[in-house]
Amino acid sequence: MEEDRKITIRLNVNGLTIPVVVPMKDEPQYRNAAKNINTTINSYKQLFIKTKSEEEILMMAMIDIALRYEQERERKDTEVYNDILSSLTKEVEEVL
């Protein structure tokens, strides 16, 4: 199937070119992920280049990205419940 086809792309992350085999349909997400990583690293470099090592800056960027991921995951986990609560609240209000 065409949608299962894998391709090799090259991502530039923090000055390193990394070849990655990805499902063709996911290529834009991989490119956006690399762009997000570079943006985050560059933000930390601007803030801490004189006081932190390259390794510390990379770790700070990874923590930042992982934290955003966790926050989004938690938000999505509760989104379903919020929708149900909103629906139930609406029904209760209509009855009253």
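1. In helix α1 (residues 27-48), E27 and R31 sit 4 residues apart, about one turn of the helix; helices (H or I, at least four residues) and strands (E, at least two) are DSSP runs, numbered from the N terminus. The two residues form a salt bridge, their closest N and O atoms being 2.9 Å apart. The term denotes a side-chain nitrogen of Lys or Arg within 4 Å of a carboxyl oxygen of Asp or Glu. E27 is partly exposed at 23% relative accessible area, and R31 is partly exposed at 37%. Here buried means under 20% relative accessible area, exposed over 50%, and partly exposed in between (1.4 Å probe, protein chains only).

2. The model is predicted: local features need pLDDT of at least 70, side-chain atom pairs count only at pLDDT 80 or more, and totals for chains, interfaces and linings use all residues. Residues are numbered from 1 along each chain as its sequence is written, and side-chain values use heavy atoms, with hydrogens and water left out.

3. The whole structure holds 5 salt bridges. Among them is the pair D26 and K25, at 3.3 Å from N to O; K25 is exposed, with 52% relative accessible area, whereas D26 is partly exposed at 22%. Another pair joins E54 and K45 at 3.6 Å, N to O, and E54 is partly exposed at 36%.

4. N14 lies in the loop between β1 (6-13) and β2 (16-23). Its phi is near 55 degrees, a positive value in a residue other than glycine. Most residues other than glycine have a negative phi. N14 is partly exposed, at 22% relative accessibility.
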